[in-house]
Amino acid sequence: MTVTAASKTTKQQKITKEEELLLQDFSRNVTFKSSIFFYVNALIVSTIPLWLFWKIHQMEPLEFGILWVIMTLVSTWLVSFAYRNSKFVLKHKFAQKREDAVAREVLKSIPDDKKMPKKEKDERILWKKNEVAEFESTSFAIFYNNTLYIFLIILFSFYLLRSFNPNFNYILSVASSSGLLALLSTGSR
């Protein structure tokens, strides 16, 4: 391979900044800020069963503290996993549904006297559409998964596993609820 051929292949392999940002918008990866946001929300919703099992099932925090910490951390990770998966699926659906409205809003905000190339208008529309879809998909993924998680905890704890010992009831309720939530989030809705 000659030097010119090698330089041509490296030029072709380089990704521009715009292409990198566009690929990032369509990937399953979330930003560090979103990841922290998901883990904090997942931790909050994962601690809700603690109150149920402490007050209703009469499990003492000092006696079962280690078990509670372990299961809360496992549940936090699984619920956060469900948030990420749901957000990925929902983001593209919201982006498609909001495309026309966002385009009208962006075009309205651009002054008529300002001559702007079509490419720049399209880039602004795409950026705004991704921003709106990101916010809406994050909010809805958290709301939907939290609601489903709490429903599953109540279903397992008070109906399906009510005759079990409180220790096993807690372990199975939390593991089943968070595991089922993570499993359901992997499908395409």
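A salt bridge here is a side-chain nitrogen of Lys or Arg within 4 Å of a carboxyl oxygen of Asp or Glu. With that in hand, welcome to this predicted model, where the count comes to two salt bridges. Lys-87 and Glu-134 make one of them, with their closest N and O atoms 2.2 Å apart.

**The salt-bridge network**

- Side chains of opposite charge can pair when their charged atoms come close.
- The bridge between Lys-87 and Glu-134, at 2.2 Å between the closest N and O atoms, falls within the 4 Å cut-off.
- Lys-87 sits in helix 4 (residues 61–109) and Glu-134 in helix 5 (residues 118–160), so this pair ties together parts that are 47 residues apart in sequence.
- Glu-134 also forms a salt bridge with Lys-91, and here the closest N and O atoms are 2.9 Å apart.
- That pair, too, links distant parts of the chain, with Lys-91 in helix 4 and Glu-134 in helix 5, 43 residues apart.
- Taken together, Lys-87, Lys-91 and Glu-134 are linked in a network of salt bridges.
- How buried or exposed are the partners? Lys-87 is buried, with a relative accessible area of 5%, and Lys-91 counts as buried at 8%.
- Glu-134 is partly exposed, because its relative accessible area is 24%, which lies between the 20% and 50% limits.

**The nonpolar core**

- In soluble globular proteins, nonpolar side chains tend to be buried together.
- In this model the largest nonpolar core has 23 residues, and Trp-68, Val-79, Tyr-83, Tyr-149 and Tyr-170 have the most contacts inside it.
- Helix 3, helix 4, helix 5 and helix 6 each supply at least two residues of this core.
- Leaving aside residues up to four places away in sequence, Tyr-149 touches Val-45, Ser-46, Pro-49, Ser-75, Val-79, Val-174, Ser-177, Ser-178 and Leu-181.

- Ser-178 belongs to helix 6 (residues 166–185).
- Is Ser-178 buried or exposed? Its relative accessible area is 1%, so it is buried, the cut-off being under 20%.
- Apart from residues up to four places away in sequence, Ser-178 touches Ser-75, Leu-78, Val-79 and Tyr-149.

**Helix 3, inside and out**

- The 24 residues of helix 3 should span 34 Å at 1.5 Å a residue, and the end C-alpha atoms are 36 Å apart, which agrees.
- Buried residues of helix 3 include Ser-34, Ser-35, Phe-38, Asn-41, Ala-42, Val-45, Ser-46 and Pro-49.
- An α-helix has 3.6 residues a turn, so residues three or four places apart point the same way.
- Which residues make the nonpolar surface patch of about 430 Å²? Phe-32, Ile-36, Val-40 and Ile-44 do.
- Phe-32 lies in helix 3 (residues 32–55) and is exposed, with a relative accessible area of 69%.

**A loop residue to look at**

- Gln-58 is found in the loop between helix 3 and helix 4.
- Its phi is near 60°, a positive value in a residue other than glycine.
- At 58% relative accessibility, Gln-58 counts as exposed, because the limit for that is over 50%.

Note on methods: Residues numbered from 1 in each chain as written. Predicted model: local features only at pLDDT ≥ 70, side-chain atom pairs only at ≥ 80, totals over all residues. Heavy atoms only, no water. Helix = DSSP H or I, 4+ residues; strand = E, 2+ residues; numbered from the N terminus. Buried < 20%, exposed > 50% of the residue type's maximum accessible area, 1.4 Å probe, protein only. Patch = residues over 30% accessible without salt bridge, like charges linked within 9 Å, V, L, I, M, F, W, Y side chains within 5 Å. Areas by Shrake-Rupley, 256 points an atom, 1.4 Å probe, with all protein chains shown as cover. Contact = heavy atoms within 4.5 Å. Expected span 1.5 Å × (residues − 1). Core = buried A, V, L, I, M, F, W, Y, C linked by side-chain atoms within 4.5 Å.
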